[in-house]
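Trainee: Could we take a close look at a single part of this model together?

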Amino acid sequence: MENGNYEVPENANEHCPGPQSESAGKSDACEGCPNQEACATAPKGPDPDLVTIAERMATVKHKILVLSGKGGVGKSTVSAQLSFSLAAMGFQVGLLDIDICGPSIPKMLGLEGQEIHQSNLGWSPVYVDSNLGVMSIGFMLPNPDDAVIWRGPRKNGIIKQFLKDVYWGELDFLVVDAPPGTSDEHISIVQFLQATGIDGAMIVTTPQQVSLIDVRKEVSFCKKVGLPVLGVVENMSGLCQPLSDLKFLNVTETGEQRDMTEWVLQYMREKVPEMLNLVAFSEVFDTSAGGGAKMCRDMGVPFLGKVPLDPRLCKAAEEGRSCFDDGKCGMSAPALKTIIEKLLSELKVSKPEILEDGA
């Protein structure tokens, strides 16, 4: 909850002036509040931690938030592959996972089981390569199955600690993977970074209206807090895979399934071998309302492109590796590459310029 520019405790009275207000703990609205004494005696003025955060972020050229209105749309997959791609171009990249209750970034970067180390400069990120560092609460859990059951203030505290205590060094890009929705974490990350300059947000959705309804709220959130929308990515935009990767079934009236895959593939090899080079495509989600592209036109924000639902991309994410390395993600990797190039164009940053700056 907020009042003006001040964060308000969850258990505060209805008309709380805010703990940083000069009237905190003294106004009529404070009577009976459990925080009254603490607010009255607390130091007022700017948060000193914001100065420390600004100093840390002074060595980061570009900050990108990756958001989604709804969970399960592939936001963390996009964050991971964006980071892999930028690092492969030669940029110095940091990936900060602030999805406190669902930290999937360690697995998607192949870093499960790693731990955070501390130096005299602060917390050290866990590195995939020398130019790709990662920070996540997932590295701090004794057991990966442990649930993080925290209220908003404690979540905000760890996000602030990540920003002020992690030593990234010189970065070209800091990619921030946020949880879905528009909750405390989103308000906090924007407030903590606003003075340091956030380039904007990349928003990930799937094509159906159930997802787009929430993405519209995400766009509205960005506009309300003054966060530029760099563009929207429509993920899982149709199932797309080579015909030879499909499994073929004969389903009886009783629902019994019989695997016919080998018979079908053998038939095609003998009778129509050219079919084995075709790609199968199927609309998984209803796109009759126009999908992400129409929503972007309606709301006046850039549309970065579509990424198909590619089982090979899903496998790369499960295995914690880049989809760009081995050429196996033939359906999704080219789409992601085009989107990342559009993102760089939206940021008005050219690859040669970044590389010449010493990335």
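Which residues does Val73 touch, not counting residues up to four places away in sequence?

Mentor: Happy to go through it! This is a predicted model, so local features need pLDDT of at least 70 and side-chain atom pairs count only at pLDDT 80 or more, while totals for chains, interfaces and linings use all residues. Residues are numbered from 1 along each chain as its sequence is written, and side-chain values use heavy atoms, with hydrogens and water left out.

Leaving aside residues up to four places away in sequence, Val73 touches Ser68, Val204, Thr205, Thr206, Ser211, Asn235 and Met236; contact here means heavy atoms within 4.5 Å. Val73 sits in the loop between β3 and α3, and Gly72 is found in that loop too, with β3 spanning 60–68 and α3 spanning 75–88. (Helices, H or I of at least four residues, and strands, E of at least two, are DSSP runs numbered from the N terminus.)

Accessibility is worth a look here. Val73 counts as buried because its relative accessibility is 3%, whereas Gly72, at 71%, counts as exposed. The cut-offs are under 20% relative accessible area for buried and over 50% for exposed, with partly exposed in between (1.4 Å probe, protein chains only).
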